[in-house]
Amino acid sequence: MTLYIGLWLPVFFLPFILGEECGYSLCPPTKDDHINVHLVPHTHDDVGWLKNIDQYYFGDAKFYQTAAVQYILDSVMHALALNPNRKFVYVEMAFFERWWRLQTPAMQDVVHKLVKNGQLEFALGGWSMNDEAVVHYSDSIDQLTRGLAFLNATFGDCGRPRVAWQIDPFGHARQQARIFTEAGFDGVFFQRMDYKEKRKRLKEKTMEVLWKVDPANNKSHLFTHILYQSYCSPPGFCFDAKCDDPPMIVDPLATNYNAPQRVSQFLEYVRMVSSSYATNHIFVPMGCDFTYENANLNFINLDRLIEQVNAQQQKEWSNGKFKSSGNVKPVHLLYSSPTCYIKSVNAAFKKQGTIPQRDGDFFPYASASNTFWTGFYTSRPSQKLMVREASSLLAACEQAHLIKPNLGSRYRYPTQNIYDFKNGIAQTPDQVVDQLRRVMGVMQHHDAVTGTDKQHVSNDYRQRLTDAMKGCSQLVSAVADTLLEKSYSSQGGGFSACENLNVSVCPPLTSKSLHPNTLIAVYNPLGWNDIQPWLRVPLYATKDQLDWLSSFTLTDYTTGETIPFQVVPVPLPVLKLPERRPLHHKGSSELIFKPSEGLKQAGFTLFALKGEASSDYGKSYRYGYKRPVNQQRFSLEIGPDNLPLFRSREGHSISMRFLNYDANFYSRPSSGAYVFRALSEAAAFGNPISEIIRGELVTEVRTNFTSWAYLSARLYADDKIEVEWIIGPLPQIGHRVSEIILRYHVEGPGILPNNRGEFYTDSMGNDLIRRQRLGTEDAETNYPKMAEIISPNMWGRDSRDSLKNHRIEGSYFPVVNRIMIKGTTYVFAVYTDRSEGGSSLADGDIELMLHRATTVDDGLGVGEPLNERAYGIVVRGVHRLVLDEVSKVNQIDVRLAQEVSRPPSLFFKDRSNDSRSADRSAKYSILTKSLPQFLHLLTVQQWPVEGDLTIKNQLLVRFQHVGTVEVGPIRFELSDAFTLGRVAKATEMTITANQLVRNAKMNSLVWPDGSERTFERAINGNSTQVTLQPGETKTFILFL
């Protein structure tokens, strides 16, 4: 049908409004003296959940779910063209962009007219509807930018969404609302919030609020509409083929004529909804998951519902019924959209002169007293790490692509296919970068990175991400090759990424040679040159072999400076990882080093590692470094209960151990992909056995709890502290619930907050937001006296009160990259390498859930338990710990969070047959110099990504001020900032780069709070000097 619809539709079926006006100007009229019911036809199309994205688009795999997006869009366009009053809302560009590519020019012309006519409206416009709990804010911005770029290039300003549409994510973040505000959206619609708050708001008629999205700026707010029940059609009025509700039968001669009864039922529903909202406008969604495959069925019944209700109400109005009914108003139904609804309520609230306000966020989400959606914060932890690594790689790929735009192998995507199409599609370098961008957009979906999908869908996500990452890894490797002198006689291979570095396997280093000769290219995507991370690379030889038989030299390949390093054996649990079994070239030891100078800003730093035969025992440990005696703030030892214990010179101690929320029975709802349900207090397990490995650069305490639970506490020579952990395979998987946590306990002076039960987590990886554990909201500060060492029974607790009021799961919050306790004078913080669920359930405690497996489905949609048995069965991760004075942590916190969230990417080259030197004339970085200390390079990429891709003199750049208020404004000159060329012009855009900032301010609605939304300009006139205030993010299109 898609191939012909645009050809056979008669012209008179397309009564489109001429001209370019769109948006609010095309909204239908409403009636001031009526209850206006805005009927909003829509479909909610997950880009993966029960089926993968391809199965959903084409309608394959019906045994999982009947859903076919291509037929939805085909059918909707035809139905809209039949009646100019009809409207429809679409959201997910990952689907729509594909559908658009496959249409004929005639069909595309029909859609253009529907968009200009205001009948087809886009809401949100992201590549997907991203989650808000476990997604990093930069990834949310990227996926929104990608989707909106397509809409802007295809439909112009008429295709620009005016509102955000987050109807299905499982809780809502303040940072996401801030992104929407800075993108120029006038409001957001969602349905999920804590059941108790929603119950209260329904009663008080405060279901629409101005959400304060920036605690430092009272003018920064976002109109927020909370749906009455769900995003689906009202009960009894789902006219879709997926439903069994009766149609509108309007012929009085029909024996089953039901129009009067159906009108009465709908009016009863309208009166009920109206009683919970403050204006004479109510929003009624008409649609649900993958509805409108037969759009004609929906729209015919909606046409009749509108006609019948309005006729009946007009008749009663004419008869004078409402004049004698007091406050009862007649009802007026109309086809509408989120944009038109928000226009109407904006006018209504301005007449009232006031609107409720709210701050904070909407976590945790509880749909019932015993159903807290806090399990997905951790579900599928390996997948969450993969997304984090892909995010950092995408930043490196976008930057390296700018250094050499035409370089990179013509990568074939995909690498695997279950059918006969084995060779894939050859992609240009531009397409390689954009492929990872698109896949990352899909991965932010609220059923992807969350881990709330079926296992076969998770497998599909992982394969797509693996393929896209491989393409970008090859591209960055090819650019790294250009850093060496050109030589036609070179026989060495090029740089490559080590896909199995996480299991200590990397062929250039772990091939069966005691003496590797390897170049290591480290790409730092951040804009600072003072970052000195501790890096670990595997070696084939054992530590004993290296001690007796080898001598190593590690140098900065550009300067020739020798770099100290230390070799430690690979831990036994790593050697036993199941992912290592089928691999060759397995590492037996690890070489640890820190760059003597900071990594190159937004670019490459090269290191050379060379091994030689030697009989000088231990030579590899004596390269110019000796640990200072009595100079470190921290010490590391094996403490009570045979557990690692850090001590500070100020009298603090940090201890840690694994615990398990374990259950061999369940009650509904049980723990599942979405829900965390603690049926007992977390219990310690295992018999910890610890050993300490001392060295000049790092001291480690390695602790085995069981055959499946291991951690290594590390203290580096520069006082950096980290904890590596390995969990899995979980015991009795499929037979009992296991939810493994790592609990830290800190004691010492000034470490407890004034407000008992208070702690902080990040909001989508950006700023911090205050949390309060349940049961301590009104508690007075009454702390027990701190012991000098850890109490022997501190790991056990009385569970009765906790389980009764769900204090455990109800106090869990999403942790994208950090959680902390802010005491009166000291802060203890844990920075994570992926999103995890976390809390502080007792004074001085921080716990993070690392891995989980369940026995049954939690009954919330996935339809299967969470029990990974292949990829993800064993999880390996790292936490970075910080314990310091409040003022010092406040100053470094946001910047440190960026370093954790965007780690460097490593690439390796065997140079056994390649003696080329570094090419000092090569372009190592896209920046001419390091950015100021607190100016974060959030984005730099080629622009545009849609439309005319032959344009190569434009960049999309985002800067973020990550300093505190005390730092003050940062001013930075752009003209000579980039090695790619001189910046001649800078145009300031909204954060999603689809509007000029000045237009966004002009287009935005004004709400009755006494202030207008502010879009402070960072550039004046034709200047190329930018000014950012603390906390600000600014977006520019730069012209070179």
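Trainee: Where is Lys-454 found?

Mentor: Lys-454 belongs to the loop that joins helix H13 (429–443) to helix H14 (455–481). Keep in mind that we are reading a predicted model.

Trainee: Is Lys-454 buried or exposed?

Mentor: The general idea is to compare the relative accessible area with a cut-off: buried means under 20%. Lys-454 has a relative accessible area of 11%, so this residue is buried.

Trainee: Which residues is Lys-454 in contact with, leaving aside neighbours within four places in sequence?

Mentor: Its partners are Trp-49, Leu-50, Tyr-64, Arg-380, Val-862, Gly-863 and Glu-864, once those sequence neighbours are left aside.

Trainee: Let me try another loop residue. Where does Val-945 lie, and is Val-945 buried or exposed?

Mentor: Look between strand E39 (935–942) and strand E40 (954–961): the loop there holds Val-945. Its relative accessible area is 12%, so Val-945 counts as buried too. Beyond its neighbours within four places in sequence, Val-945 is in contact with Arg-146, Ala-149 and Arg-437.

Trainee: And how far is Val-945 from Tyr-674 in space?

Mentor: From C-alpha to C-alpha the two are 35 Å apart, with a separation of 271 residues in sequence.

Trainee: Now helices, please. What describes two packed helices?

Mentor: Two numbers do: the angle between the axes and the distance between them. Take helix H4 (residues 93–101) and helix H5 (residues 105–116), whose axes come within 9 Å and cross at roughly 135 degrees. An angle over 145 degrees would count as roughly antiparallel, and 65 to 115 as roughly perpendicular. The H4 and H5 pair is therefore oblique.

Trainee: Which residues of H4 and H5 meet?

Mentor: On the H4 side they are Phe-96, Trp-99 and Trp-100, and on the H5 side Met-107, Gln-108, Val-111 and His-112. By class, this contact between H4 and H5 has five nonpolar residues, two polar ones and no charged ones.

Trainee: Last topic: cavities. How many cavities of 30 Å³ or more are there?

Mentor: The count is 12. The largest cavity holds about 140 Å³ of space.

Trainee: Which residues lie nearest the centre of the largest cavity?

Mentor: Of the 16 residues in its lining, Gly-23, Leu-120, Glu-121, Cys-158 and Arg-162 lie nearest the centre. Strand E3 (120–122) and helix H11 (338–352) are the elements that give two or more residues to this lining. E3 has the largest share, with three residues.

Trainee: How does the lining of the largest cavity divide into nonpolar, polar and charged residues?

Mentor: Eight are nonpolar, four polar and four charged.

Notes. Residues are numbered from 1 along each chain as its sequence is written. This is a predicted model: local features need pLDDT of at least 70, side-chain atom pairs count only at pLDDT 80 or more; totals for chains, interfaces and linings use all residues. Side-chain values use heavy atoms; hydrogens and water are left out. On a 1 Å grid over the protein atoms alone, a cavity is a set of points where a 1.4 Å probe fits but cannot get out, and a pocket is an open set with protein on both sides within 12 Å along at least five of seven lines; lining residues have an atom within 4 Å of a point. Grid points are joined across faces, edges and corners, and a volume is the space filled by probe spheres set on the points. Helices (H or I, at least four residues) and strands (E, at least two) are DSSP runs, numbered from the N terminus. Ala, Val, Leu, Ile, Met, Phe, Trp, Tyr, Cys and Pro count as nonpolar, Asp, Glu, Lys and Arg as charged, and the others, Gly among them, as polar. Buried means under 20% relative accessible area, exposed over 50%, partly exposed in between (1.4 Å probe, protein chains only). Contact means heavy atoms within 4.5 Å. Axes are lines fitted to C-alpha atoms, for helices over the stretch in contact, and angles run from 0 to 180 degrees between N-to-C directions. Angles under 35 degrees count as roughly parallel, over 145 as roughly antiparallel, 65 to 115 as roughly perpendicular and the rest as oblique.
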